Amino acid sequence: MTMETTESEVAGAILEKDKIVKVGGKEYEVAPPSIATLILVSELASQMPALRPVKTEEDILNETLRIAKDCRMLGEIPAVLILGAKGLQEEITKTWFFGLIRRKKIVDKKKELAEHLLKNLTPKEIAKLTVEVLRLMHVHHFFGLSTSLSEINLLKPTKEVEKMTASGQRSRE
């Protein structure tokens with residue numbers, strides 16, 4: 001991948017140009033970044049099984065084998081990052097008898113891509129792909145925005161506190 005200038009990144013974002021990521025000899029078109037995509041990825045990451053602390057290589061192997069059955073989202077996360085929130089499903093309409101009979105079918109593109117990634121890429125390649133696509137998504141902007149909004153929320157008083165005085169009068173603090 002080549003380094004882009006700030007101007008070319010901004011132009012690409014405005015024009016919603018797809019980026020290309022190459023992993024394992026195959027190129028993947030990455031959808032333009034969106035907050036909805038990051039939310040979906042966050043939901044998937046929260047479903048990852050909890051890991052126990054490991055000290056030796058044997059512990060790593062045992063822990064990996066213990067949780068591997070619950071790690072299907074390791075394929076789903078890069079699939080969501082590549083397809084984007086808008087591209088997870090596709091509606092296909094098939095017609096028969098000169099268009100008189102129509103049948104709509106929803107194709108789960110996320111499931112198809114996740115299966116492809118899990119079956120054809122090594123763990124190292126999936127890790128590289130995930131990190132590379134996250135880098136393209138400019139996650140730091142999302143983090144900056146959410147941090148900024150959280151700070152605003154912390155600084156804003158949520159409600160006024162009223163105190164009763166000894167004489168039964170209310171006073172505000």
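User: Why is Lys69 called exposed?

Analyst: In this predicted model, Lys69 has a relative accessible area of 66%. The cut-off for exposed is over 50%, so Lys69 is classed as exposed.

User: Why does Asp70 count as partly exposed?

Analyst: Its relative accessibility is 37%. Buried requires under 20% and exposed over 50%, with partly exposed in between; Asp70 therefore belongs to the intermediate class.

User: What makes the pair Lys69 and Asp70 a salt bridge?

Analyst: The closest N and O atoms of Lys69 and Asp70 are 3.2 Å apart. The criterion is a Lys or Arg side-chain nitrogen within 4 Å of a carboxyl oxygen of Asp or Glu, so the pair qualifies.

User: How do you know that Lys119 and Glu115 meet in a salt bridge, and what separates them along helix α5?

Analyst: The N to O distance is 3.8 Å, and the limit is 4 Å; the pair therefore meets the criterion. Lys119 and Glu115 are four residues apart in α5, which means a separation of about one helical turn.

User: Why are the buried residues of α5 said to line one face of the helix?

Analyst: The buried residues are Leu113, Ala114 and Leu117. Seen down the axis of α5, they fall within an arc of 100°, so they line one face.

Terms used. Residues numbered from 1 in each chain as written. Predicted model: local features only at pLDDT ≥ 70, side-chain atom pairs only at ≥ 80, totals over all residues. Heavy atoms only, no water. Buried < 20%, exposed > 50% of the residue type's maximum accessible area, 1.4 Å probe, protein only. Helix = DSSP H or I, 4+ residues; strand = E, 2+ residues; numbered from the N terminus. Arc of directions from axis to C-beta.
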